[in-house]
Amino acid sequence: MKRADTIFVSALWLLCMGKAVADPVNFVPNWRSYTQTGNPADIVHSPDVAASIGRKVDALNGQMQNPEIQGGTAPGLDVTGSVIKADGAPLARTNAEHFSDIVNSHDFGIKCDASLNTTTHAVSGTDDTAAIQMAVNVAARLGSPINFHGGQCLISAPIVVPPSAAAFTLIGNSTVFIDTADSDVFTLVGENPSDTDFGRVRFDMRNMTIMKAANNFLGTAININGGKFRGIIDNVSISGFHIGIALLNTSQQRINNVHIDADSSIDSGAKSYGIYIEGTWQSGWTAAQSKFSANNTITGTTVIYGTGAYIGNAVQGARLDNFSTLEARGWGVQAIGSGNGNPQNYSEALEVRNSYLEGYLGGISADNLGLFHIINTNFDTPSIGAVSNWSAIHALGQFGGTVIGNTIDSYGRGQTTSPVVLGGDVVATGNNITGLSPSSSIPCFDLSPKTGVTDNMLISDNKCWASGGYKNETGGPIFGSDNLWSGLGNNQTLSVGFGNQNLDEITVSKEISSSEQNIHMRHTVDSSGNDTTTPGVINMFGTSYISFGANDPAGANQVVYLVNDTEGNLAVSSGGLSLAKYTSSTMLRPDGSCVPASSVFVTDGRNIGEAAGAGTGVIAYCTMQKHWFANGAPLTY
């Protein structure tokens with residue numbers, strides 16, 4: 001049997017290995033240590049030691065039990081089961097529990113020592129894929145945050161967050177994840193088989209950069225698929241992927257302060273997406289058969305090149321606030337609606353506000369989408385120009401939408417379509433559009449209200465400068481007022497209003513063709529014969545005129561040329577003023593009455609002294625009693 005005093009000395013020696021420390025001082029009982037005397041006989045025998053320290057030293061096998069170490073070290077000692085208290089806390093927990101509060105990337109051997117050659121796109125350094133996946137699995141199981149410490153991590157396969165996760169939080173602390181595979185990087189996939197499972201796994205991913213080493217625009221940086229996950233992506237930079245962030249069959253996700261560099265190629269850039277949102281739907285499916293992406297919010301996000309945001313099938317609510325697309329090769333926002341004007345694909349409720357959209361193909365495409373709202377957003381063309389059929393807002397076939405307070409600039413010459421193309425039940429008010437179409441044939445607003453229905457389009461308080469005017473493509477009902485416009489090189493403005501008789505087209509110059517010989521301003525009369533319509537008015541401001549005669553309104557051979565003089569009165573120039581000519585058989589109403597205060601020239605009317613049937617013509621006027629008179633007497637022929 002080993003001597004207890006030798007075992008105790010050995011135990012003390014182990015505690016002090018690896019570090020020079022002062023000779024220990026023992027207080028109870030009062031003994032000197034072997035390191036102090038060097039004399040094995042000059043120590044206290046084990047029965048006395050055991051009586052003093054109980055079972056803290058096992059004299060049989062040399063193990064120490066629950067030692068208390070003060071002012072020293074214990075290299076190699078496993079203390080995971082030891083308990084400690086957090087500062088100020090009343091309860092103690094084990095070291096393992098404390099260290100599990102936050103999962104540290106260093107604990108899993110994650111090096112993040114990669115180096116990227118931006119010329120050859122070669123990546124050197126440790127492949128951290130397996131270590132990161134292990135850390136993610138542990139963090140997800142515990143529901144604890146995983147904390148990275150910067151550097152560049154090489155990833156060669158997707159990092160999958162398990163759907164069984166209690167929760168998932170990744171704090172990047174400016175860590176760069178470099179992907180060398182042609183696939184996704186972070187994948188959060190989980191269906192919600194029941195409503196109680198919806199959004200059960202909360203996640204938070206922030207403060208990191210995700211980049212494709214080859215910059216080949218393949219794969220997705222962050223792919224969230226299914227309704228089980230719900231959370232936030234914040235302060236993330238992404239570059240080199242086909243899709244920056246995909247939200248598929250998932251709802252109530254928030255994307256904040258994200259920067260995405262997409263494909264800059266003119267040929268393929270439109271098929272590279274910053275944000276991609278879509279549910280699952282097939283033609284003929286009911287709403288119950290579809291899987292929806294609903295009520296996702298993107299704020300403070302910028303996408304360079306590519307298409308800024310894609311809104312696909314079965315999307316019920318997508319909100320983009322303070323969203324910017326710069327030099328986009330596709331649309332700023334591209335929303336896919338049904339093909340025939342009815343939302344069978346169940347996509348609706350797109351909202352874009354307080355944003356800035358540049359797009360080579362256009363600003364926002366939302367035909368047949370359903371409900372949409374575009375508010376306080378600026379539209380422009382990128383520095384490379386735009387396609388000839390560029391539109392800032394193209395939204396036909398709507399059954400509810402608002403276009404309010406937007407600004408459209410730099411609509412280049414040579415364009416073939418209007419900057420604002422709207423159809424269906426839409427309200428457009430307070431929009432300002434400048435520098436637009438190359439000719440008066442292209443309207444500023446191209447409008448297609450519904451026909452054969454009581455629903456109306458409201459167009460009011462819009463301003464179109466240096467552009468065409470407003471055009472009604474379908475003849476359907478439009479209401480509104482105070483829409484201003486001016487033509488190219490024209491500082492004069494015209495205020496356009498809409499009423500029951502709608503608007504055919506107002507442009508810089510309006511010509512009435514032979515098949516369209518009259519401009520009517522009609523009144524509505526009720527069943528009692530009362531006029532129920534506010535009288536119509538044609539207002540002409542500035543240097544304005546009405547001409548009749550030759551094809552050239554400014555030509556010298558006008559039959560009559562009506563202008564406003566310097567005092568605002570109607571004057572006649574470039575020709576004479578002649579009364580309408582009638583004969584006795586054409587001038588009278590069936591009852592023989594006339595319109596009071598009207599005047600005509602009766603070609604066969606008699607002057608004083610002319611025989612019956614031999615009249616040479618007379619100016620006739622209608623009295624207030626609705627009788628025709630000439631030369632102070634009843635008109636004769």
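Me: Is alanine 349 buried, exposed or partly exposed, and which strand is it found in?
Reply: At 28% relative accessibility alanine 349 counts as partly exposed, where buried means under 20% relative accessible area, exposed over 50% and partly exposed in between, with a 1.4 Å probe and protein chains only. Alanine 349 is found in strand S23, residues 348-353, and strands here are DSSP runs of E with at least two residues, while helices are runs of H or I with at least four, numbered from the N terminus. This is a predicted model, in which local features need pLDDT of at least 70 and side-chain atom pairs count only at pLDDT 80 or more, while totals for chains, interfaces and linings use all residues. Residues are numbered from 1 along each chain as its sequence is written, and side-chain values use heavy atoms, with hydrogens and water left out.

Me: What about the phi of alanine 349?
Reply: Phi of alanine 349 is near 65°, which is a positive value in a residue other than glycine. Most residues other than glycine have a negative phi.

Me: Which geometry does the pair of tyrosine 276 and tyrosine 310 have?
Reply: Tyrosine 276 and tyrosine 310 are stacked, at 4.6 Å centre to centre with 15° between the planes. Tyrosine 276 lies in strand S16 (residues 273-278) and tyrosine 310 in strand S19 (residues 307-311), so the pair ties together parts that are 34 residues apart in sequence. Tyrosine 276 counts as buried at 16% relative accessibility, and tyrosine 310 counts as buried at 13%.

Me: OK, which residues have the most contacts inside the largest nonpolar core?
Reply: Those are Ile210, Val333, Leu350, Leu422 and Phe445, in a core of 83 residues. Helix H5 (residues 129-142) gives the most to this core, with six residues. A nonpolar core is a set of buried Ala, Val, Leu, Ile, Met, Phe, Trp, Tyr and Cys residues joined through side-chain atoms within 4.5 Å. A second, separate core has ten residues, including Met587, Cys594, Val602 and Leu635.

Me: Last one, what is the side chain of aspartate 321 joined to?
Reply: A polar contact of 3.1 Å joins the side chains of aspartate 321 and asparagine 354; such a contact is a pair of N or O atoms within 3.5 Å, and within protein one must be able to donate a hydrogen and the other to accept it, with residues adjacent in sequence counting only if both atoms are side-chain atoms. Aspartate 321 is in strand S20 (residues 315-321) and is buried, with a relative accessible area of 16%.

Technical notes. Rings of Phe, Tyr and Trp (its six-membered ring) pair if their centres lie within 6.5 Å; planes under 30 degrees apart count as stacked, over 60 as edge-to-face and the rest as tilted.
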